[in-house]
Amino acid sequence: MSSQRRSAHDGGVVGTAEGLTARYSGAVMNTFGPPKRVLSHGKGCYVWDTDGNRYLDLLAGIAVNALGHAHPAVVAATTRQAGRLGHVSNFFATEPQIHLAERLVALTGAVDGRVFFTNSGAEANEAAFKLTRRTGRRGIVTAVGGFHGRTMGALALTSNPAYREPFEPLPGDVTWVPYGDADALRRGVDADTAAIVLEPIQGEAGVVVPPAGYLGAARRAADEVGALLWLDEVQTGIGRTGKWFGYQHEQGAEGPLLPDIVTVAKGLGAGFPVGACIGLGAAGSLLLPGQHGTTFGGNPLAAAVALTVLDVIESTRLLEHVISLGERLSEDLRAVAGVAGVRGRGLLIAADVAPGTAKAAAAVALDGGVIVNECTPDTLRLAPPLILHHHEVEPALPVLATAISMASAGGATHPSRGASNGEHDPGTIRRSPLEAT
Ligand SMILES: Cc1ncc(COP(=O)(O)O)c(C=O)c1O
């Protein structure tokens, strides 16, 4: 059999899935394990593999593709800006960059702030980490279960020892306290604390939602010792939970809750790599000329795409849609046999399944044409495009139900290994005929 065939979709010559997977293994570093599928294209909430099989994407590149795949406004903005001015060095400013920075600060609800643009969440956190050092203090208090990325700085804050230990010593004077426990947080901070670092909802730990009032308590704890409050909104930000930022579901003591630093990435570019470290109030002025830098961060192409993402979320009233669809989808999942519990906010949703079966359930769901992921051995995560409609998800519910029941009937096929960030070896995947285009 020929090792190559014509793609039905783009007219190009592509390899077989098996051949491409073998080439991937030979050419790409093995940090993620073998790929589950080789994907060729996407449209709206669907993606297709190189064999022509269609999948409903309920993961959106792990909370990234907020506007689904190949959204016409994103395609147009990318094309328009690439044809006008794609990149300049940071010796120069561009209008999209200035506009995006102003827009992000305004969305936080703060009266003033300044932005450092990056290409990813870890880089946004790296910038924020450096910014905290400019307080003259070094201590960081953060939470057990937290995930902040894989650069040496971001890794230093990440809780899972398996991610950190091979790379120690890491920078920082970091203390982990139990997530959601306001008293433990207060006890953890002192006069050496530069910043408290928290996710408004812990994504990789299994979509862990803290008790109401927790972020307000974090704000007070930071204020009491003169520390910064830094919220990592890389997964929760840009509409994912039904507000622009996850912290906006909470109120402060005297009005809206405001952190000092917000880090974002994932949904901001809806697939285009762009992130931001947003310093609010005085925190926006801590980093001085020469103290941080980037070649690509905030280039006009990335900024124009991100502005378009914000425009579409606003003009199509997606935040309201995320809240109502999230509630409906959570109800649907609660009714699925084998789902022991559902939690989350907006379109960041976790479904607890029988212990140790999440990975097998995700694999069976994939065979059935539905993409979700196991963010812990016991938990499936859904973080679909914000543009998802209920009629699209309806046919996926029986697929998920079958996957969950088959996985639990098969027993706990995969040992507990902690939060996955999607990079664990996906194991054996049954192949079966899927809906083809
Ligand atoms: C809360 C949080 N922070 C930071 C990161 C790291 O982002 P990136 O993978 O873009 O470096 C992630 C990625 O999953 C995340 O969920």
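Here is a friendly conversation about a predicted model and how its chain is arranged.

Trainee: What should I know about the numbering and the pLDDT limits?
Mentor: Residues are numbered from 1 along each chain as its sequence is written. In this predicted model, local features need pLDDT of at least 70 and side-chain atom pairs count only at pLDDT 80 or more, while totals for chains, interfaces and linings use all residues.

Trainee: How many helices and strands does the protein chain have?
Mentor: Both are DSSP runs numbered from the N terminus, with helices (H or I) needing at least four residues and strands (E) at least two. Counted that way, the protein chain has 14 helices and 19 strands.

Trainee: Why is the protein chain described as being as compact as a globular protein of that length?
Mentor: The radius of gyration is taken over C-alpha atoms, and the globule rule is 2.2 Å times the number of residues to the power 0.38. For 437 residues the rule gives 22 Å, and the chain is as compact as a globular protein of that length because its radius of gyration is close to that, at 22 Å.

Trainee: What share of the 437 residues is buried?
Mentor: A residue is buried if 20 or more other C-beta atoms, placed from the backbone, lie within 10 Å of its own, exposed if 12 or fewer, and partly exposed in between. In the protein chain, the buried share is 49%.

Trainee: Which residues does Ala306 touch, not counting residues up to four places away in sequence?
Mentor: Two residues are in contact if their C-beta atoms, placed from the backbone, lie within 7 Å. With those sequence neighbours left out, Ala306 touches Leu100, Leu268, Gly269 and Val274.

Trainee: How far apart are the C-alpha centres of domain 1 and domain 2?
Mentor: Domain bounds come from an automatic or database domain assignment. Here it gives domain 1 (4-70 + 317-409) and domain 2 (88-298). Contacts join 25 residues of domain 1 to 19 residues of domain 2, and the C-alpha centres lie apart by 28 Å.

Trainee: Which strands are at the edges of the open sheet of four strands?
Mentor: Two strands pair if DSSP finds at least two bridges between them. The sheet has mixed pairing and the order β3-β4-β5-β17. Each edge strand pairs on one side only, and these are β3 (39-43) and β17 (370-371).

Trainee: What is the bridge partner of Gly42 in β4?
Mentor: β3 and β4 (residues 46-49) run antiparallel and are joined by four bridges. In β4, the partner of Gly42 is Val47.

Trainee: Is Ile238 buried or exposed?
Mentor: Ile238 sits in the loop between β10 (228-232) and β11 (251-252). Its phi is positive, about 60 degrees, although it is not a glycine. Because 29 other C-beta atoms lie within 10 Å, Ile238 counts as buried.

Trainee: Where is Pro169 found?
Mentor: The peptide bond from Glu168 to Pro169 is cis, with omega near 10 degrees. Pro169 is in the loop between α7 (161-164) and β8 (173-177).
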